[in-house]
Amino acid sequence: MKKIVKNFNNLVKSTIFKVKNKTINKLKISNFNKFLITFISILFLYIFYLQIPLLYDKDWVKDKIQTQLLSEFKIDLNSIDDISYRILPAPHFLIINSKIIMNNSKNKKTIAKIKNLKIFLNQINFLNKKKMNITEMIINNANFSLSKNDLKVLNDYSNQKFSDKKIKINKSSVFLKNNLDEIITIIKINKSNLYFDNKKIQNQFELKGNVFAIPFTFKLNTKNDLIIEKEFLFKAKTLNLDILNKHITKKDKSTAGSNSISFSNSIIDTRYKSRDKKFVFTSKNSKLNNFKINYAGDLSIDPFELNLDMILNNSKISKLFNFNSILVEFINSGLLFNENISLNTSLTVYTKNNDDFFDNAKIYFNILNGKINIDGTKLVVNNMGSLKLSNSSLFLQDNKLILNATFFFDIEDSDRLFSFLNTNKRLRKTINNIIVNIDYDFLNNEIKFNNVKIDNNKTSDQFMNIIDGFRDNNLNNLIKSRRLLNELIEAYVG
């Protein structure tokens, strides 16, 4: 009996110890599990820490943000509709519908309406709200409204040191307005950055956008020490256009710099000096369509007045009349039809091309009181004579760019002209001059002949019907022109 009891006791002990050992083994935690538990605990505490700004009073947050933006970024933020706190993608306050105010000595005005503004925070001091610090701001879907005076203020601001904390602007628009508050240009901003680069010790402003549906990039760098150094680069790939400008401004506000414009096969390189809103400039190693060009002039800013004289060597003069579509579109935009713009330019062209119809030319382009003319333009035609323009006017009509002008063709050698045209000898009657008044439609490349006089004599209806064959300038060529001109001579002589 004792033996049976002893064996039972041994069985119970062995069973209990087995269960105990298994339990101990099950409770043993691996290193990976320890790491996972620690990570989850820290993550939970971190997320809880990130939620602390939710406890801040909203009115206090608004005042804090407005004060810090004004003191560090020089941005006067007003009219905040709603503010909320988000932790993703990084802790920030989201402000819906706000305005940026510009203060000057005269008045206070709204220059930007922002639909979405994100103010990102430094995460170190959430436990002490008084140490809340902005690290970055992102402006989304904003409309900026800027006048000429506003641009002057912003230009002065660019000479001051920016914050090293970035201001980013995305998917926004800039409305440039005249003094009557009318929109003259809209610039679409895709992406823009504004900050002080501590490594380069300079302000940096970068922008990608489009204007007149043309994509472009713009970069502006500014250093301000004893003198102000500025450099900007504008690029429009679709136009094959690069503009690089560098200048320094001294304490007496005099400026000296260089400007380089590169497009297609042309480089316009300029050296300039300015003082009291007046620029004096000259060319340096400039080329237009691979031909050397020299120019000099002066420019006043307010009001805008440009006097420019250019000399172009070894160029084919007839090519000058292959009007660049972009230039035509620019004139067609109406920007030059401005009473505050005064422009007096002359282009002298010399050619060495034996196959060119013209020997030399002097072309004028003038703007005064919102009116454009090319009066005084003169082209010398292969020792035959000269062609002068007068009473000209460039204007917009029904969304078309029209040139009305009177052409005076002074014929010095009729025989040479008839020889060039292969005119029948029986029709070779001496002609001294021809006066033609036309309307030229740049959009459709069409010529309308209003009246023609030969040696001060009016021409017949038959003559006017024949000359109308030149109307579609797309179809005009040398062979057709010779044929029609001979028909005109026959109609006049006959």
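The model is a prediction, so local features were kept only at pLDDT of at least 70 and side-chain atom pairs only at pLDDT 80 or more, while totals for chains, interfaces and linings use all residues. Residues are numbered from 1 along each chain as its sequence is written, and side-chain values use heavy atoms, with hydrogens and water left out.

Helices (H or I, at least four residues) and strands (E, at least two) are DSSP runs here, numbered from the N terminus, and two strands pair if DSSP finds at least two bridges between them. Strand β16 (residues 291-300) and strand β17 (residues 304-312) run antiparallel, with eight bridges joining them. Three residues make up the hairpin that takes β16 into β17. Within this pairing, alanine 296 has aspartate 309 of β17 standing opposite. On to strand β18 (residues 341-350): β17 runs parallel to β18, and nine bridges join the two. Here leucine 306 has leucine 343 in β18 as its bridge partner. As a rule, side chains in a regular strand alternate between the two faces of the sheet.

Next come the cores. A nonpolar core is a set of buried Ala, Val, Leu, Ile, Met, Phe, Trp, Tyr and Cys residues joined through side-chain atoms within 4.5 Å. For burial, the cut-offs are under 20% relative accessible area for buried, over 50% for exposed, and in between for partly exposed (1.4 Å probe, protein chains only). The largest nonpolar core counts 55 residues, and Ile434, Phe449, Phe463 and Ile467 have the most contacts inside it. Strand β23 gives this core its largest share, six residues. What does phenylalanine 449 contact, leaving aside neighbours within four places in sequence? With contact meaning heavy atoms within 4.5 Å, the list for phenylalanine 449 is Val436, Asn437, Ile438, Met464, Ile467 and Phe470. There is also a second, separate core of 50 residues, with Ile80, Ile83, Tyr85 and Leu117 among its members.

Rings of Phe, Tyr and Trp (its six-membered ring) pair if their centres lie within 6.5 Å; planes under 30 degrees apart count as stacked, over 60 as edge-to-face and the rest as tilted. The structure has 11 such aromatic pairs. One of them is edge-to-face and brings together tyrosine 440 and phenylalanine 442, with 4.8 Å between centres and 75 degrees between planes. Both tyrosine 440 and phenylalanine 442 are buried. Elsewhere, Phe205, Phe218 and Phe232 make up one aromatic cluster.

A charge sits over a ring if NZ of Lys or CZ of Arg is within 6 Å of the ring centre and within 35 degrees of the ring normal. Lysine 166 does this over the face of tyrosine 195, 4.9 Å from the ring centre. Arginine 482 places its charged end over the ring of phenylalanine 420, at 4.7 Å from the centre.

Charges also meet each other. A salt bridge is a side-chain nitrogen of Lys or Arg within 4 Å of a carboxyl oxygen of Asp or Glu, and by this rule there are 10 of them. One joins lysine 168 to glutamate 136 at 3.5 Å, N to O. Lysine 168 belongs to strand β6 (residues 167-177) and glutamate 136 to strand β5 (residues 134-146), so the pair ties together parts 32 residues apart in sequence. Lysine 168 is partly exposed at 25% relative accessibility, whereas glutamate 136 is buried at 18%. Another salt bridge links aspartate 441 with lysine 400, with 3.9 Å between the closest N and O atoms. Since aspartate 441 lies in strand β24 (residues 433-441) and lysine 400 in strand β23 (residues 400-411), this pair ties together parts 41 residues apart in sequence. Aspartate 441 is buried at 9% relative accessibility, but lysine 400 is partly exposed at 31%.

Finally, asparagine 486 sits in helix α8 (residues 478-493) and counts as buried at 16% relative accessibility. Not counting residues up to four places away in sequence, asparagine 486 touches Leu421, Asn422 and Thr423. The C-alpha atoms of asparagine 486 and leucine 421 are 7.1 Å apart, although 65 residues separate the two along the chain.
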